[in-house]
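Dear colleague,

I am passing on the structure below, together with some notes on what turned up in it. Please read the notes with the coordinates open beside them.

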Amino acid sequence: MIVIEQLSKIFKTNHQEFKAVDNMSLKIEKGEIFGVIGYSGAGKSTFIRLINRLEEPTSGTVEIEGQNVTGLSKHDLRIKRQEIGMIFQHFNLLWSRTVEENIAFPLEIAGVSKGESAKRVQELIDLVGLTGKEKNYPSQLSGGQKQRVGIARALANNPKVLLCDEATSALDPETTDAILGLLVDINEKLGLTIILITHEMHVIQKICHNVAVMESGRIVEQGSVLDVFSYPKMPVTKKFVEQVMGKPDDELTDDLLLEHISDGHILKLQFVKETANQAIISEVAKKYEVDVNIIQGNIKQTQEGAYGSLYVQMTGELTAVEDALQFIRSTSVDVEVISHG
Amino acid sequence: MANLFPNINWMDLIFATGETLYMTLVALVGTLILGTILGLLIYLSAPGNLWDNKVIYSITAGVVNIFRAIPFIILIFLILPLTVFLFGTFRGPTAALPALILGSAPFYGRLVEIALREVDHGVIEAAKAMGAKSSTIIFKVLLKESLPALVSGLTVTAIALIGYTAVAGSIGAGGLGDYAYFYGFTRRNMDIVYICTLLIVIIVFVFQFIGDIVTKKIDKR
Ligand SMILES: Nc1ncnc2c1ncn2[C@@H]1O[C@H](COP(=O)(O)OP(=O)(O)OP(=O)(O)O)[C@@H](O)[C@H]1O
Ligand SMILES: [Mg+2]
């Protein structure tokens, strides 16, 4: 577990002081993927760099698995850093070293023997899917492959924590998905705690369990990804949710719906933490004498299940429709009747 | 050959070439060591860098700037007492070495500093995040990553050094400059001046050629 208490960082430039991180407190459970999202300048990078003290905190403490990182001497900090992997937006590979030499670098630093290191490097290359690229130089790799080297390098010393600063921001959407998939894979396989910084909500939606929203150096909202997505409170959070869900007014208004569809009931189904949402439509259609026609929907998958809403048109005998509604209400899906034909 | 260059004593010429190469190469080694240390000190002690230290930075940067401002011919005279103290004379190629090294090391030091500044800050950061010691960062990241620039800087310095040896030759350091000046120019034997020029140009080209090949070979960017 990582416990962060009242962490602050003040930058002093000439005569001005700037609070980049302002009294942040957080608890991150072992083995979870924790996302921190915020706009540019919110202080995300500063925050993550405070965790391994690439930036020295002005005040506050960071505790990783019971050990107070902020109190460590220079020497002890270097040892501790070998247990904290880090990956970067621009990969930060050594261009003068091949893929395998790059991955071996942290092992050299930790004083691992040559033979053992070679074995470990091969394992890691296989794990991140770079088999065959061992002898390539970074300049001969694509962005996604470079980030795989970055991940392998970060995992070399079997860290307990992996820090990711905008790890996918320099990649195209497809490569982003592949790298995010790899991170989930590693998280599940190795039970690694991952702290991930991003300004893209879909990254949070796809792989994080919990999320904190940052603004002006402070956490303005936090909770499980599903909760924050379903019930965003702060304006920033709402804006981030809109990044993936679209604006509420992008959806057809109820009036518009009614204009186009005149018969049957129009229902709005709201899915929250519903894992079997796919089945409910077919179940209703099978069990009851009704026809269900999907009008529009917007459903996203998160690590904890799906959420979003679905507009359907239901036609059939009134009693059958009533029964079907009764059934839907008995599940965890919220239903709202917008019109009855 | 004898008609074309009537005044040349070929044994003397070969000896002078050897002296020039000797001065250049030994001074280059000294320059490499001293210049790298100076360049590292300036870079590391610069604001925001690994050993951020105003005092060391001001002193090293100041010394480098002063020495680079002094014209080489004047530097030779300035350090004449030191040379005489060290070698008992200021004549001969070995006595020229202190002046050559002091003249070119600050120049190379600047080139080293510029090369180090080109190393991506993110890579240094990544090494720190892995728990690297300062020595690891210096030798395995800074110097290794900037190696192509260091080598091409050394090539430029070597060529400047060849020029310096010729200047030193005019006060009796030996080498091709010395030969061209005393046996050629002062005795109106222009054929000696021409052949010495030709040889110096060839030496410069060879250095440049080797430098380019090595730079190209190690540059994996
Ligand atoms: N070394 C520094 N000195 C002074 N100010 C700094 C320093 N580093 C960061 N800041 C300031 O702190 C604020 C937060 O910076 P930070 O890099 O943490 O933002 P971020 O959320 O990571 O933004 P981005 O998404 O653009 O990476 C910015 O306003 C920045 O100007
Ligand atoms: Mg950032």
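In what follows, a helix axis is a line fitted to C-alpha atoms over the stretch in contact, and angles run from 0 to 180 degrees between N-to-C directions. Please keep in mind that this is a predicted model.

In chain B, helix α1 (residues 10-45) packs against helix α10 (residues 190-218) at an angle of about 35°, the two axes lying 11 Å apart, and the crossing of α1(B) and α10(B) is right-handed. On the α1(B) side the contact includes B:W10, B:L13 and B:L28, which together with others meet B:I195, B:C196, B:L199, B:I203 and B:F207 of α10(B). Sorted by class, the residues of this contact between α1(B) and α10(B) are ten nonpolar, three polar and no charged.

The largest nonpolar core has 86 residues, among which A:F47, A:I51 and B:L142 touch the most other members; helix α5 (residues 93-117) of chain B gives this core its largest share, ten residues. Leaving aside residues up to four places away in sequence, A:F47 touches A:I4, A:L7, A:V21, A:M24, A:L26, A:V36, A:I197 and A:M214. A second, separate core of 51 residues includes A:I151, A:A152, A:I179 and A:L183.

Finally, in helix α9 (residues 235-245) of chain A, the buried residues are A:V236, A:T237, A:F240, A:V241, A:V244 and A:M245; they lie on the same side of α9(A), because they cover an arc of only 165° around the axis. A:P235 and A:K239, on the other side of α9(A), are exposed, and just after this helix A:G246 takes a positive phi of about 80°.

With best wishes

Methods:
Residues numbered from 1 in each chain as written. Chains lettered and ligands numbered in written order. Predicted model: local features only at pLDDT ≥ 70, side-chain atom pairs only at ≥ 80, totals over all residues. Heavy atoms only, no water. Helix = DSSP H or I, 4+ residues; strand = E, 2+ residues; numbered from the N terminus. Left-handed = near helix turned anticlockwise from the far one by under 90°. Contact = heavy atoms within 4.5 Å. Nonpolar A, V, L, I, M, F, W, Y, C, P; charged D, E, K, R; others polar. Core = buried A, V, L, I, M, F, W, Y, C linked by side-chain atoms within 4.5 Å. Buried < 20%, exposed > 50% of the residue type's maximum accessible area, 1.4 Å probe, protein only. Arc of directions from axis to C-beta.
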